[in-house]
Structure formats: C-alpha cells, structure tokens
Protein chains: 4
Amino acid sequence: MSHDLVSLRRDLHRRPEPAWREFYTTARIAAELESRVDLDELHVGPDAIASEHRLAVPDDIELAEWYEQARATGVDETILESLEGGQTGLVAVLERGEGPTVGLRVDIDGLPRPESDDPAHVPAAEGFRSEHEDAMHACGHDAHAAIGVGVLEQIASSSFQGTLKVFFQPAEEVVGGGKSMAKSEHIRDVDALLAVHVGLDHPTGEIVAGIDGFLAVRHLEAEFTGESAHAGGHPEQGRNAVQAMAAAVQNLYGIPRHNDGRTRVNAGVVEGGSAANVIPEEARILAEVRGETTELMEYMDRKARHTIRNAAAMHECDVAFTTGAEAPSATSDQELVDIVADVAGRTAGVENVLERDELGGSEDATFLMRAVQENGGTACYVGVGTDHPGGHHTATFDVDEASIDHGVDVLSGAIERISRTRT
Amino acid sequence: MSHDLVSLRRDLHRRPEPAWREFYTTARIAAELESRVDLDELHVGPDAIASEHRLAVPDDIELAEWYEQARATGVDETILESLEGGQTGLVAVLERGEGPTVGLRVDIDGLPRPESDDPAHVPAAEGFRSEHEDAMHACGHDAHAAIGVGVLEQIASSSFQGTLKVFFQPAEEVVGGGKSMAKSEHIRDVDALLAVHVGLDHPTGEIVAGIDGFLAVRHLEAEFTGESAHAGGHPEQGRNAVQAMAAAVQNLYGIPRHNDGRTRVNAGVVEGGSAANVIPEEARILAEVRGETTELMEYMDRKARHTIRNAAAMHECDVAFTTGAEAPSATSDQELVDIVADVAGRTAGVENVLERDELGGSEDATFLMRAVQENGGTACYVGVGTDHPGGHHTATFDVDEASIDHGVDVLSGAIERISRTRT
Amino acid sequence: MSHDLVSLRRDLHRRPEPAWREFYTTARIAAELESRVDLDELHVGPDAIASEHRLAVPDDIELAEWYEQARATGVDETILESLEGGQTGLVAVLERGEGPTVGLRVDIDGLPRPESDDPAHVPAAEGFRSEHEDAMHACGHDAHAAIGVGVLEQIASSSFQGTLKVFFQPAEEVVGGGKSMAKSEHIRDVDALLAVHVGLDHPTGEIVAGIDGFLAVRHLEAEFTGESAHAGGHPEQGRNAVQAMAAAVQNLYGIPRHNDGRTRVNAGVVEGGSAANVIPEEARILAEVRGETTELMEYMDRKARHTIRNAAAMHECDVAFTTGAEAPSATSDQELVDIVADVAGRTAGVENVLERDELGGSEDATFLMRAVQENGGTACYVGVGTDHPGGHHTATFDVDEASIDHGVDVLSGAIERISRTRT
Amino acid sequence: MSHDLVSLRRDLHRRPEPAWREFYTTARIAAELESRVDLDELHVGPDAIASEHRLAVPDDIELAEWYEQARATGVDETILESLEGGQTGLVAVLERGEGPTVGLRVDIDGLPRPESDDPAHVPAAEGFRSEHEDAMHACGHDAHAAIGVGVLEQIASSSFQGTLKVFFQPAEEVVGGGKSMAKSEHIRDVDALLAVHVGLDHPTGEIVAGIDGFLAVRHLEAEFTGESAHAGGHPEQGRNAVQAMAAAVQNLYGIPRHNDGRTRVNAGVVEGGSAANVIPEEARILAEVRGETTELMEYMDRKARHTIRNAAAMHECDVAFTTGAEAPSATSDQELVDIVADVAGRTAGVENVLERDELGGSEDATFLMRAVQENGGTACYVGVGTDHPGGHHTATFDVDEASIDHGVDVLSGAIERISRTRT
C-alpha cells in the first residue's frame, strides 16, 4: 500500500470541498504533483477548463467563503488566486515520445453533507474526519484524486510511449464540471480515455472493466408566481402557488413510464409561501429528470415542463423555468473493456473481474467520453471495488485504502497496454 | 388633529417591531405616558402579561438582534432590561373614584415585511418610512398605540368615574399576545372591554360600533420524515417526504366545507428536500385552520391532522405535529354596541355609523373579550374608518391621521358613557 | 286527519316516479282533483309547463319504460298520451271572484333509490312501500301532492276571494322542472306565491314561516378524451383520461372558499376507462356547484371549469363540457312570512312557529319565486314540520301523516288571509 | 395458402367470443378437428382445463347470454352442454409412437370491443366482420386457432415420432385461462412447449424465434366505501369515496420506479358516486400492476395496495380488495429458440428471422411455459409476422392470411425437429 497516496487521500478527506469550491484541493494536488512527478505540463484552474461551460456554479458569497477557508490553510497564494470565482481543477500532462494520447479522468469534489463522528467510522477513529461541518468526501473522490497522482507517478517511471493526460475534474457531484473539461482544448487529441470510480457496491479486489448504464440527466427549476391574499379574510382573492406546486409534484411522479428504457423524475427540493395566514404567492421546485438515453431524458423533460406548466395554470399562477446542469448518457467501448479486463486479471490483489456492470445513476464523465468518441477515439469507465461500510453519499461512507493501489495498478497497466496496442 | 399623537404615531411607524420584539415600542410608549398622563399604575413587560402564556415567541437569536437594535436608539435601559427575552407590552391604569372598571385594548406590533419607497406613499414622502428593511407598520397598530395614549389623556381630564385600564398588547399579528394578556391579573376586574381597529376598508369618518365575525384560528406545523435514496440509482429505496407533503396539501384544501359556517385552511409555508438528485427525506408544512366558531376551527384542525397523517402514511413517512398560536372566536355585546353607536353618532368628524360588520379574519383580542365575558362583563370591538391607499398588510398601507382623533373621541366618549351607565 | 289525503299520499308513495317520469302521478292527481274539487281550469302536461325549458330530461328509452309502467296501472289513456315524452305536471285553477291571484307550488317527483323493507319502516309495515325497486318517495313529495289537493279542496269551500293556482311541479329532485313552470304563462299573473316542504329536520307541530338560504346550483358534466395505449407495452403512448379526471377531482374540492358566503362543489358521479390493461381514453365527471348567491355559484362554476380544463391539459386530454340543470337562489318576502307566522300561530296542532330558517340546499321553487318577485309580487317558502325517522333521501325516510293536515290548514289560512289583505 | 384454414379463421372471426364465453369457438374447433384429423384424444371443456383454476370468469348472466347465442347457431348440443358455466377450451392429442411429448399452445378468445365497418377494413369488405356488436377478434386469436388445427393436420401426415398436444386455450385476453391449462394433467408430461403469436408489429414473412420480456401481471380491484351526505346541505357529514379514489389514482401512478427493471401500474377502470348532489359513498378502481419479474410485480402490488389503503383512510373510507387474474414472467429457452430459428430460415415465405424480441406486455402462456420448465422441459414463444393495418386491440386490426401457412410450416417443422433431436 502506497503510504504517500494514503496520506494524500486522508489529507483531502479532512478538507472536502463541494463543487467549484475545490480551492484547497486543487492547490494541494498541484503541490503534490510538483513535488513527486516530473510533469511536462500542469494546467490549473482556468487553464484546465473552459470556464464558460461550467454548470451549477454557486453564488459569489458561497465561493468567497470557501476561498477564504482555503487561504487560511496556507496554500500557495499564486495558485489560489488563479482559481478565483470558482475556476478549479487541473490537467497534468506527461509526454513520453511518440505514441497515442491517453486520458485518465478522476473527479475531486466532496459533498455538502456532514460526516459521521461515530468511533466505528474509521476517519473519525483515525483522526482524518472532515474539518468542515457541512461537507464530506462521501463518494470516494479523495481516493480518485490519489489514484490520479499515483498513475502519473507510475507511468512516469514506466516504459510507456506516448502522452498521458490526467484530468482532475471539479464539480462532478452537481454534474457541473464534466462539460467544462470536455469543451477544453485538452480533450481534443485524446485517443483513448479511461475514467474511474471506486466502490459502487463492489468489494475490494473486484474490478469492473467497463461500466455502462449512465442515465442522461438534467436539472430543472420551476418558479411559480401567484398572488397572495389574506387566508382568513379573502381566500378567493389568492392565486395559490403552493397548491400549484403540490399539484405539479403529485403529477410529476405520475409521468408515464416509457417502454424504451429507464426514466426518472424527482422533485428534490421544494419550498413556498411566506406565513401561515397568507395564501402563498410563490413556490419553487428544483427537479431532475433522467433517462436511459438522452432521448428518454428529453421525453421526461418535456413531460415534466408540460405537467408543471398546467399545474400552474390550474391555480392561475405563472411559472418560469431555469435549466440547470446536465449530462448525457454514454457507453464503454469494447476494445478498452477487453484491455482493462485482461490487465486486471493479471494485477496483484485483484481477485475478481467483471466485464460489465450498470451504474444506474448519472455521471458527467459522459461529456468527456462522448467528446473523445465523437473525435474517433475510445472511452471506458472502470470500476475499482472497495469495501465501503456505509452506502455512497451516506455519513459513514469510507473506502478500503488497499483499493487505491488496485486502481493505480490496473489503470497504469491498461494505459501502458493501450500505448503498446496503438503504437 | 392632535399633533402630539400624530408625532407619536410617526415615530412608532419609523421603528416597527414584529411580534415579541416591541422593545423600542414598549419603552417609547412608557416614556410618552409618563410625560403626559398622571397614571396610577403602569405595568410594563413581565408585569403586564402572563409570560408563560405567550404564543409564537421567536428564537433567542432573533430576539437578541431586535433588542440590540432598540438599545442603539438610546431608550431607557431599565425598562429595556425588564423586557428581555421578549416580554413586551404595557398596562396603564387610571383610577378616578368609584365606578366600573373599563378596559381598552390596543395592539402595538408591526409586520415582517418591507415598506414601499414610492414617493406617492406618504410615509416615504414625509420622511417617516420604516427604518427597518424587513419590518413595517402595515396594519395601523402605530395608530392604535397613539389612540391608546390619547384616550388615557382625554379620560384623565374628564369627569369619568371609575377605573380605566389600557392594554397595549404585543404580538397580535401572530395571534401570540392576546392569550398572555387575557391570562394576566389585570383583566380580572374589567367590567367592560373595548378593542379598536382602524381601517378594515371603512373610510375616514365611518365608525363600526360592533365588529363580529372573528374566525377562531390555530397554527399547526407538520414535519414529515421519510428516507432519502439516490433518485437515479434507487428511487425504490426512498420514502419520499415531499410526495407525502404534496399529497397532504392537495387534500388539505379539499377538506369538506361545513354547513355550520365559515371554515378555512391554508398551507402557508412549505418546504422539503435537500438536493435535486436525492429522494427527499424531510418536508414541512406550516398550516393554519380557522372556523367561524371555535368548534368549526376544531373540526378543521381534526380533519387537517387526519389528512396529513394519512398522506404521510401513504408515502411511508412519519409525521410529527407542533401546535402553534391560536385564538378563539368572539362576539360584541349589544349593550356596548348601542353605546358606541350612539356616542359615535354625536362625535365631530364622524359621518356614518354602522351598527355591525364582519371582520372575516382572526384577532387575538378575542382572548381578552372572552375573558371579560366569562367573568360576567361585556366586550365590544370597534372599527374606526380610515382612508387607506393600499390594503392591510401591503407595502403601501397607510392611515389617514385624522382618524386618530376620531378613535380617541369615540372611545373616550363611550368609556365615559359606560361609567355613567354603570354607576 | 283527512283520510282521503292520507289515502292519496299512500297511493302515490307506492308508485314513486323520478323526474319527468311522473306519468302515473300526474294522471292520479288529475283524477283525484276531478272527483273532489270543482276546478275552473286544469292544465295538464304540456299545457302546464313550458316544455322547451325542461332541464335534465332523461333519454327516450328511460321515459318509455316508465310510461309503459304507468299505462299498465290502468290510468286514463287520454291524459297519459298527453304526457308523452316526459311532459308531466299540472296547474289547477280555482276562480272565486275579484281578488288577488295566489299561487301554491308543490312538487311531485320521487327519487331513484330503493326503499327500506325493514318492518320498522312504516310504509313496509303498512303495505304502501314502493312497488318500484329503484324508486322511492324519500323526500315527502307524496305528502306535498296531497297537501296541494287538500288546499284546493279547503279553499273551494272557503270565503276566499280571488284566484288560486296550485302548481304540481315535476322534476324538482334534479332541479329540472322549476324553470319550465316559471316560464309558463300560468305564473305571470300570480301576486303572491307560497311553496311548501315538509320535514327538513323540523318535528311535527313546528312551522317555519319563511325558509331562506337556498343555494344557487348548477350541474356540470365534463367528458375527458385522451388516447388509449397498451398499459404494459406502451404506457408512454397513452394520454390518460382517468389521471386527468383524478387530478381534476383532487383540485375541484380545493377551489378556494369565498368570503362572501357559502360555496359548494361535488364530483358526484365519475367514471372512466375500459379495461385493466388499457391506458384509459375516456373519463367523465358529473359535478355540481353551488353558492349562497347566484354570483357565488358562478364563481364556483368558473373555477370548476378552469380546474377541469387544466387538469385535462396536464394529461394532454381534451375535455368537453355540458351544462345541466340549475336553479338560482331566492329569499322569502317578509310580508308573507308575517302572514304565515301569524296564521300558523292560530292553527290547531301547531305547537311552535319559527319565523325563519335556512334550507342549506337547493330547490328550483326559486325559479317560480323569482318570477313572481320580478313581476312585482311576493313569495314565501314555508316549512311544515314532520317527524321523519330517517333523513331526507335515505331508505327509511317517512312522514308523520298528521303533518298533512297542518300543511293544508296553515297554507289555506295564509291564502285566505292574503286574499283579505290584498283586496 | 390453405383455403380450409382461411375459411376456418374467417368463420371464427365472424363469431368472436370473449374470455370463458368461447362456446361456439370450442364447438367449432372440435367439429373441424373431428372432420379433418385422426386424433387419438380430444379433451373438451372441463376435461381440457382444471376448472377450479380459472381466473376472471364472468358472471352467470353474462355466460348464459353467450351460451344461448352459441346454441342459436346450431352447434353440437352435446359439446355445448359440456361447456356450461364457462368451461371452454380443448386439448387435442396425436400419438405417433415413441418420442418426446411436444406441446403447442394457441389461444382462441376474442375481445369485448366493436369492429370497424369501414369498407377499407378487409373483414368488412369481404363479409366476415364480427356479427357481435361488442366483440371482435382484434388480436389474431382466430388465426392462432387455425394454425393449431393446421399443425395437427400437418404433423398427422408427417414422419413425426412422439406425442403432440395442442392446447386451444381460452381467456388469454383477461390472463384468465393459462393457469387452468397449466394446472391440468395434460401439461405434466410435455417435454417441449411452443406457443405462438401473430403480428406484434412484425411484417408478413418475418419470424421471431424466441420472444421474451413477458411482464408479470396481476389485476387488483379496490372498492371504496364512505358515507353519502347531501352535497349542498351537509358536505361535512360525508365520507367521500370519489375523493379517496382520486387521491389513490394520483398517487398510484407516482409509485417509485424500480431500479431492478420495468414496472407498470394502471387504474384502467374507475367509477364512483350516484348523483350530482350526493357526496359519493362508493367508488371502485380496477387496476393492474406489472413487473419485469414476478418480484417486481409483487413490489408494485404491495405499493399499490398500500397507496389505496391510505388514500381511503385519508378520506375516512373503508376499502376492500379483490385480486383478479394474474400471470408470471417467463423466458424462452435457447435450445428451442435455435431450433425455431433454423427451421424458419428454411421455410418458404419466410424472409427474415429474428432470434429474439421483447413482448413488452403480458401473456398467460407463461403459466404453461413455467409449468413445463419446472418439470425439466423447455419452452419457447414464437412470433409469426403478419402485416396488420391497425394495431393490436384496435377496430381495424386484421391479419395477412398468408401468415397462417407460415405459422403452420415453421411450427410443424420445429416440432418435427424437436422429435428428431430428442429421440
């Protein structure tokens, strides 16, 4: 087990930063890479992403708060300043002569939720629990970042021929960062892209060579506006935005299932009204729609807007929509799946290799996968099993650190193999 | 027009304080009374109310903020300190020999809403617009306080025989203060109680001798708890608190109308969920129910809880209820209505007298009215017309200050008459 | 107790006929009148009503079935033939010299519901229970018809001066017959109109001189049309009319209560769909809306249509409306109320007289009342108490036959008094 | 094209009989078989099925009506009498020495819907349109019956070694007959079972060797009972069964989608209430639930009942459930799929062979398939393409009669091949 990588992972775990707030994280990875790998290029923040394609960026007050918090840790001021306004992430490049350009995408953001302080929770017991009350690495992106660094280190000292680019992507949890990296110039010459995720209910020692079943996703916000009135004196003068919202929620979940594949809808956040004695004038739904294909997601999006629009009309309210973050569906190419499966089968510590599995959720790595595939390249999303006590996104999620080495070894091995195959 | 009363009303208008935060208001009224009326007793804050019966008291942080704001105006520190923790309001007593004890109830709190800065809005044009961004005297309680002071002054120099008690009641807007005054010792010996409200869509020069139609009201909060799940990966594992809440809202408004009289229900504030991609685990409804009688309000309360409980169960959620503020219904006694009508008909500036009208809303003056009536006394709620450009509770509400004198004259006249009738 | 009237009432009770199917009833009343009263005119069927203003007429098959059933009893064929197509009802006229024209309106239809066969139910015990399985005189109109005959008889032998017209009105239960009598020529010269109802929760011996609180009512039918689809194979291809209907029902009951007075809405009959495995293509709501005033009924009608229209649109269905029967609100004139109250107070068997009470339901006598009032006349709706074991419209409803005489005596007395007052 | 089979199909088409009413159909097939095939056994009605396992049997009045209608056509009285009470269907057995027992299942019922009389609709143009106003062979079961007869005829004159059993199954459209045949003794010794369906959006000349994707299905009826009340006078006294039903429908369609596979729910038929002015006392939902697996169907069943139960409780109604017909999911065995695909590829008129396709609906052939598979045998559901102008279950559905021969040839060929393979 690489002690350096474990130590890096634990440090990141202690300071989780949610989407577009990865100020400490970006600076810390930059520092780690500079001290350990002889990179040819390191693009940071606005140089790593196409800033105008960022989705779901928080407001300035929120960004400023996390920025100041990162500064207080004493990170490199020059790097930090370059990240201002929520332009986070890195692209690290290693050039090793003629050969294919291989990409590896790892995501680095945390989640806005508290972490367990139960002594049975290893990060709590061993002193690397989150220092931020409302943030936690509850999805293993701390391990992903460590794997990214480890792969660069291992490839740097290997016989790899070609170019390796590691994309340390921000804002995956809000499907907000993938598009900005897929639109950057760095992706354009990538011939083969690997992406990685730990866990997903696979135990330590198990590798899934190619993960599919990414649901296309879109976030959608609806703001209802009616008219307030005194709830006791003149209920008939109101146009009730909460009643409209409730009718919308009831019927959103009732959008017909589609025979072409999985569809999803969720009214994830709702709110409305101002006081018990006032007919509510305003209400809001933050919803998401998903589909097994982008077409199915569009079907749900169309139906959801139609439902919401008519629920508003029923209660004589207006409604305005804002489209939020989104990600398409994607599939892993068989060529790469075969390589990963073969390499994994020969890797120490790997006891079981599954060729394929379904994710069942969404991921904006699909933006990068599709960009590479549309350019004629191939892409593959690799699962690295890890025993995790709690489920993903729960307060007791944790990774078995042994899986960090498995990830580094399988991905490095696959990258070398790709380089040999393509040369 | 009494310039002193107008000046007092404008000063209070400039510093509106919502329920239980009437720190400046209480101190200012106390100072005004001390400088202008030779009172026999002045009970302030915890001496004026039964603190344990306060309803809908805000949290300590909120109270502290308004407390400090009041202190910054330089009010009497001794009085201010006595109000700590949100114990506001006053009872002023004038004893003038043998005779009945007559009560007058005026309320003094503002509303948590911004005031218009339109130059056509008189307070804006004449420089006494609210100094607090999120508070406004949008219901005329500033004028009520001035009327209370004016009546004390006028009765003090009249031939009145008996005892006059003026109840400057806090927290009417949240139906939170009436009970605490009704439970205080001061109400016990009141033989006849008058309460007053300006406006209510009656123009300047019109008096309503007896207002009825107070709806009994109760606030009710329901907290739904389900179980979160990944909305894309495992929607079937969730127990959706927002779906439960929406089903409850849809069916709350559908509680059957009642043949015995008016009933009301409103889901005034709702919220739920944490993120677009998480099946919502928590949701909340802050509702109110009303009835033309207390029995009808209880009918609505029972039905509302039943509806909410089953909506929760339908979506496999738990629900917990908190009962908030409330007020009963009440009626004005004919004996006092006759007196007020007769006095009003002889009062300068009064052009029209209506014997009765319906309020159509709720008011916690009903707690005091009922307390007096249950002790064998009589009670009457008097409407003093005032031209008001905007509706009650809107950003452009204002009073025609001429109506302050009408209120003082009619109420003082009625109080004198009561004293003569009862002696 | 008049044995003849009891005997007539029991005969009608045995053969209840619902709206526009009063073939036997009309013929029976005609025969009864001809044998007992020396009438000046008797208008039957199409001569009694303005046929084109009939509302809620059943279809031809239904009419034909009841017609044949009546024929089988052996009633007068000539009269029966004149009623063809559901033109039922009678107007009986008695002319007694100079004087006012006084009208009395009684309704004669039964209800489409089975009657109890419990031996404790008097009609069952005494052998005059309904012979028609699905019809019953469950609202006392059999007694009303008997009272109408009794009044004619009594006035015929009295000192009454003027003209008496008794309107035996069909189809009250579907608010379908009042309009057609109000539009007939017979109502035009009526100076004073009395209408009568037994029971209404008032005991035998109690008279309500003037009933008010008639709710204006309108029936409304909505037909939803969507598109069917295989519920297993292609749910997404359907446009679900039942889902639309359910959303409409949920929100219909949630139309805001109105501060101006009582409002009602009921989705009284609904149906939809064709098979468990087909997404429903069609659905239907038969609703009614009511209001304390005609304006409030119109408010409910407008809101109901709006709600239904948007519920249909939400589920991509079309909807077509049919307006059914209706009746306005009306009030009893004080002048007549005073007369009835005074007469009732002097009538044998009457122990208690209430001046006013509220109906709380609807009645299409209001069409006749309004027609007379608009012509400058007066109208009054009289309640004649009767002990009734079951509630109105239930299987065990029955009248205390002693109240038939009370009705005859009070109404005849009032008619004579009106004649004296007006002459 | 076999003229005899076309002629049989057209005769059956002219007299479609819905589930358990296949009196004419059963007698007609029996007569046809007796005149054309030298059978070893023919089991009819109660001898063909396990009567006690029939599902969704109509009531006696309905059965009697169709029985009399069949009798009127002059069919064999002895056979007809054996079918009394809705015991329809046949099992025809051909024994040809040693060898495997091969089964073929064809269904024979029609649908309760009218047929198009458009001259462009071939059955209308050529004079074999349904003689029954409310029934139609709109799913091709007339062709299935003809294919069953044709296969018996062809195998009888072939070199087939073993036993052939053809199951002419009643009541497939209500998933009511499969279970009763699967529970009969005739299925027990079947080694390999073929089932067949024409059309399913596959054109003439196309064969699907193995159809999968049968959704498990269950029908569920919920009867709500509340309490009626006068909708104008006392809405508060009602317990509204239609409101309960509407809340149930709204939330049924909102049962969470399941990540393990396809789920379905449909409130296919609803009704409730008695009159516009009565708060509805009764309402009914006839629903169905489905799942990609039997477990998923059970999940939907559990959630549906829970939803309905709580919707009833919310409106203070009782609810009673009746479980209707059902069918499990099933899959086609690869061994038989390979045989059918190979035989089809060599069959005249067959231009295209698909190995697999998904049904996307339900079918109670699954009961027979599972019974055979549980006994160690194999099963396969074969699709025979046919150009059909209208969709299945629509008024203009029709089959291209050329496909009858394709069906006979492919199935007979496969049956012979199975016999050779297994011997």
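Modeller: What follows is a set of questions about the terms used for this model, which is a predicted one.

Colleague: What makes β3 and β5 of chain C paired strands, and in which sense do they run?

Modeller: Two strands count as paired if there are at least two bridges between them. Strand β3 (residues 101–107) of chain C is joined to strand β5 (residues 192–198) of chain C by four bridges, and the two run parallel.

Colleague: Why are β1 and β11 of chain C said to stand at the edges of their sheet?

Modeller: In chain C, eight strands form an open sheet with mixed pairing, in the order β1-β2-β4-β3-β5-β12-β6-β11. Both β1 (41–44) and β11 (352–358) of chain C have a single partner strand, so each has one side without a neighbour in the sheet. On average, neighbouring strands of this sheet are turned by 20° against each other, with direction ignored.

Colleague: Which strands does helix α6 of chain C touch where it packs on the sheet?

Modeller: Helix α6 (residues 141–156) of chain C touches β2 (90–96), β3, β4 (162–169) and β5 of chain C, and its direction makes about 155° with that of β3(C). Contact here requires that the C-beta atoms of two residues, placed from the backbone, lie within 7 Å.

Colleague: How do you know that a two-fold axis relates chain A and chain B?

Modeller: Chain A is superposed on chain B, with an RMSD of 0.1 Å, by a rotation of 180° with 0.2 Å of shift along its axis. That is the relation of a two-fold axis. The same surface serves both copies, as 100% of the contact residues of chain A recur in chain B.

Colleague: What makes up the side of chain C that touches chain A, by element and by class?

Modeller: The contact takes 18 residues from chain C and 18 residues from chain A. On the side of chain C, the elements that give two or more residues are α8 (241–252) and α9 (294–314) of chain C, and α9(C) gives the most, with five residues. By class, this side of chain C has six nonpolar, ten polar and two charged residues, where Gly is counted among the polar ones.

Methods:
Residues numbered from 1 in each chain as written. Chains lettered and ligands numbered in written order. Predicted model: local features only at pLDDT ≥ 70, side-chain atom pairs only at ≥ 80, totals over all residues. Axes fitted to C-alpha atoms, helices over the stretch in contact; angles between N-to-C directions. Least-squares fit on C-alpha atoms with pLDDT ≥ 70 in both.
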